[in-house]
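Please look over the sequence and the three-dimensional model below before reading on. The paragraphs after it are meant to be read with both in view.

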Amino acid sequence: MADNESSMKMQRIPAYGDLMHSDVIGSDRGLRFVNCSPIVNDQAGSDPIVTVEPRPFFDIDFDTLPGNPLEAIRNVYSLDFASARKTYYAVGDGLYDDAEVKRITFSLDTGYVGITHTPTFLIVVENKTNNSIIHSLNLFDNTLVTETLATGTSGDPVYLDGYIFLSSSPLNQTLFNSSLAVPTDFDLVNDYIDAEQFPDKNVFIAKHRNHIVAFGTQSIEFFSNAGHELGSPLQRNTSYATEIGAFWDSNTDGFRPVATTIGDDIYFLGVDKAKRVALYKLSNFRITKVSNTYMDRLFENYQGVLDYRAFRDSVKLMSVKAYGTNTVLCVFNTENSQTKNQIYVLHPEQGNWSEWTLPFYINGSNNIQEYNLEFTQTDGDSTNQTTAYVNSQGTGYKAKFLNQNSTKAPETIRSTILTGMMNFKNQYDKTWISTDVLGYYSLDNTSINLKTYRHSDYTSYTDHGYKMGRVLRMGLIRFRNLGRSRQIAFEVTISSDRHYIYEGMDIVYEQGLG
């Protein structure tokens, strides 16, 4: 071929990989997955095979949770007990089990209720600024012991080595411990230790491996069980401490931690010395930032449109079972149109983010302005489903969150895969001849559209609109005549009420020499 001739090329773009990321500095577009997520399905040698699948489908028939009157969820807690999965949820003035039997009556019907468990007891704390109440519910016979504490508490109680640990009232430094093996017996005068390595205040405490971790407003401190017979059994481990602070949800009574756990790993919304907000992970006593640039920008913009209190009250973190693995959900609840009822999903095993939107209806009503949905917690069951607990207009509901669905689902999901701007490592002009969208799709009630973004001056983008593809065979949809540019980004939109598997794209183009 002569040097002045163009050449025909084909490039395979995987469902998830480096080629999908932008090489353009300052680009405001990048790799995004909306209502779908990259999933590792198999291994080929040492390389993972990654496909993209839709977010789990909702069963849109929401069941109202008990409460009289109907009230909001204050916490949901699941545990494996006697070879079965048990779930308890605090709604209004009561704690209910998964048979909807009221096991505890609370003194108040609002505020965050902290929950943990020991091998024998479910420990429930009514957080207050003063005189918090602690309940111990026997998991075998449902007998209940209740005590009022002469202190306020916040967040969740933590169980370690036979002790229950509590963080004192919001924005204090003290960590109280119970008597050994007696979860409701507290000597508040003698049995405590202060998280005072740094001059800040506690937000919440959690367990990490064999340590109690105190998350403060400007720091994180670690304590291990030293077996002291008098006072607190804890001993400070100064070598693990770090100056990253934690955000909190300033609920009416008791601060809800903006954090969640998967195994021994703790994910939390944190703030650095420069007051920049990001999502962090504590794993093996090391803290790493896991939010990506897009998420960090959302946090920054979010703070800009809301006051500080509204920001911390409107972000929730929780872990769920989806696609058979644990995922972390970062939920925004706000009237801000950019993040209204938006869920940002981190898949720890792959380290990637995706965005999910909830179906904006409950039992037939679809007025998007009417509801401010909140995932409170979820738990998996043996049928490969996840129970979604949501609040809407002050009422708690639950519904099935279907992980797989090869037949018609109760809702239609509109998924979007957006690649970064791609030039295939050169700035030659290119004629984009065709793009094949690869995968497995049901042709019933499924539409697949392609949108292209192109620019040649590296500063502006041109939206070239949607194109309808031609179905060549099952799993292959071809789009032709996509224009001419030096680089290009693709946006694939799949609307379907059935499960699909997206495997990537084959791009055919003619490359010039200038």
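What follows is a walk through a few strands, the nonpolar cores, one threonine and a cavity.

This is a predicted model, in which local features need pLDDT of at least 70 and side-chain atom pairs count only at pLDDT 80 or more, while totals for chains, interfaces and linings use all residues. Residues are numbered from 1 along each chain as its sequence is written, and side-chain values use heavy atoms, with hydrogens and water left out.

Strand β31 (residues 315-322) runs antiparallel to β32 and is joined to it by eight bridges, two strands being counted as paired if DSSP finds at least two bridges between them. Within this pairing, lysine 321 stands opposite asparagine 326. The two strands form a hairpin with two residues between them, and tyrosine 323 in the turn has a positive phi of about 55 degrees. Strand β33 (residues 342-347) is also antiparallel to β32, through five bridges, and here valine 328 stands opposite leucine 346.

The largest nonpolar core has 26 residues, of which Val492 and Tyr502 touch the most other members; such a core is a set of buried Ala, Val, Leu, Ile, Met, Phe, Trp, Tyr and Cys residues joined through side-chain atoms within 4.5 Å. Strands β39 (430-440), β40 (446-454), β43 (476-480), β45 (488-496) and β46 (501-511) each supply at least two residues of this core. Apart from neighbours within four places in sequence, valine 492 has contacts (heavy atoms within 4.5 Å) that include Val437, Ile448, Leu450, Tyr502 and Met505. A second, separate core of 20 residues includes Tyr267, Val277, Leu279 and Tyr344.

Threonine 174 lies in strand β17, residues 174-179, and is buried, with a relative accessible area of 12%. Leaving aside neighbours within four places in sequence, threonine 174 is in contact with residues including Leu166, Tyr192, Asp194 and Asn202.

Finally, the residues lining the largest cavity are Ala195, Asp200, Lys201, Asn202, Ala214, Gly216, Ser219 and Glu221. A cavity is a set of points, on a 1 Å grid over the protein atoms alone, where a 1.4 Å probe fits but cannot get out, and its lining residues have an atom within 4 Å of a point.

Terms used: Helix = DSSP H or I, 4+ residues; strand = E, 2+ residues; numbered from the N terminus. Buried < 20%, exposed > 50% of the residue type's maximum accessible area, 1.4 Å probe, protein only. 1 Å grid on protein atoms, 1.4 Å probe; cavity = no way out; pocket = protein on both sides within 12 Å on 5 of 7 lines; lining within 4 Å.
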